[in-house]
Amino acid sequence: MYTQGLDQAGYDTGYAQDDAALAQRFQARVDAEDKIEPKDWMPDAYRRTLVRQIAQHAHSEIVGMLPEGNWITRAPSLRRKAILIAKVQDEGGHGAYLYSAAETLGVARETLVDQLLSGAAKYSSIFNYPTLTWADAGAIGWLVDGAAIMNQIPLCRCSYGPYARAMVRICREESFHQRQGYELMLALCRGTEAQKNMAQGALNRWWWPAVMMFGPSDRDSKHTTQSQRWKIKRFTNDELRQKFVDFTVPQAEFLGLTIPDPELRFDADTGHYEHGPIDWSEFDAVVKGNGPCNRERLAARRTAHEEGRWVREAAAAHAAKQALRRAAEAR
């Protein structure tokens with residue numbers, strides 16, 4: 001979709017970094033809903049913000065393959081196995097799209113992958129929780145991908161063109177993921193009492209991590225205000241969290257499941273559900289690398305990267321051989 005081989009001239013314009021006129025023209029384009037493209041002038045802070053956000057998004061897709069991939073060999077039917085394989089494959093593709101979008105900002109994919117493997121880069125806290133039962137595969141599709149859609153649909157209107165265009169396809173596929181997760185939960189809830197209890201257990205485990213997925217509260221978010229001004233983000237963390245809660249609670253009621261929040265209530269005056277307090281200490285611990293599966297997830301990625309080294313080396317050797325052949329033919 002994108003290539004790191006874009007003409008790099010746009011990255012060094014010769015203008016002063018704090019040129020007020022350039023910054024004003026840039027903001028005027030953003031305010032007018034123009035798309036910013038890789039060769040366009042952009043503030044260094046805008047570029048850094050995008051690299052950070054897109055890289056974190058890409059890492060999350062790649063690491064996000066692991067919790068459900070754990071259940072591919074144990075899926076209860078061929079149909080469920082095929083659905084899960086397709087979903088995990090989609091997530092790998094999403095990571096590839098996003099790494100490519102980040103490359104248009106002048107950062108090498110290898111650099112981003114090295115940051116992930118070293119533990120220096122962040123990815124979504126949600127993927128550091130274990131999948132203990134088959135119902136967790138359904139809860140991830142329903143809740144985690146449902147939360148992702150709330151966050152990602154506005155990104156289709158992101159001011160940076162390559163990111164916005166990548167998100168169009170990603171959101172279409174995430175919509176499939178959310179539907180298959182909900183359908184799985186529905187099947188369990190219409191099954192035996194043990195199956196419904198399994199679904200309730202998965203909801204209990206994944207509800208609060210999904211609510212935290214949108215990031216810290218607005219009062220503690222460091223990047224939201226500027227990201228909204230640049231139209232990288234369209235909604236605050238708390239606004240997206242509220243949309244998710246309002247959308248998901250009626251779905252749980254239809255399933256006959258109970259949201260694990262004794263303080264949850266519907267406010268008729270506002271038309272919104274009010275949820276109980278979030279345990280931000282848990283969120284902070286997971287983000288800092290102390291979640292249930294942080295070390296396991298990174299270890300799995302490092303192992304996969306090392307085991308795939310021969311493929312990368314073979315591809316590089318083949319490319320070098322082809323380049324030598326073309327050079328010889330050109331003489």
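Student: What does the accessible surface of the protein come to, and how much of it belongs to carbon and sulfur atoms?

Tutor: About 16,500 Å², with 54% of that belonging to carbon and sulfur atoms. The areas come from the Shrake-Rupley method with a 1.4 Å probe, and for residues only the protein chains shown count as cover. Keep in mind that this is a predicted model: local features need pLDDT of at least 70 and side-chain atom pairs count only at pLDDT 80 or more, while totals for chains, interfaces and linings use all residues. Residues are numbered from 1 along each chain as its sequence is written, and side-chain values use heavy atoms, leaving out hydrogens and water.

Student: Why is Lys231 called buried?

Tutor: Buried means under 20% relative accessible area, exposed means over 50%, and partly exposed is in between (1.4 Å probe, protein chains only). Lys231 has 18%, so it counts as buried. This residue sits in the loop between α9 (224-229) and α10, and its phi is near 60°, a positive value in a residue other than glycine.

Student: And what makes Glu33 partly exposed?

Tutor: Its relative accessibility is 41%, so it falls in that middle class. Glu33 lies in the loop between α1 (20-31) and α2 (44-63), and has a phi near 70°, again positive in a residue other than glycine. Most residues other than glycine have a negative phi.

Student: How do you know that the buried residues of α11 are on the same side of the helix?

Tutor: The buried residues of α11 (residues 280-290) are Trp280, Phe283 and Val286. They cover an arc of only 120° around the axis, so they're on the same side of α11. That arc is the one of the directions from the helix axis to the C-beta atoms. They pack against α8 (193-212), α10 (237-255) and α12 (294-307), where contact means heavy atoms within 4.5 Å.

Methods. Helix = DSSP H or I, 4+ residues; strand = E, 2+ residues; numbered from the N terminus.
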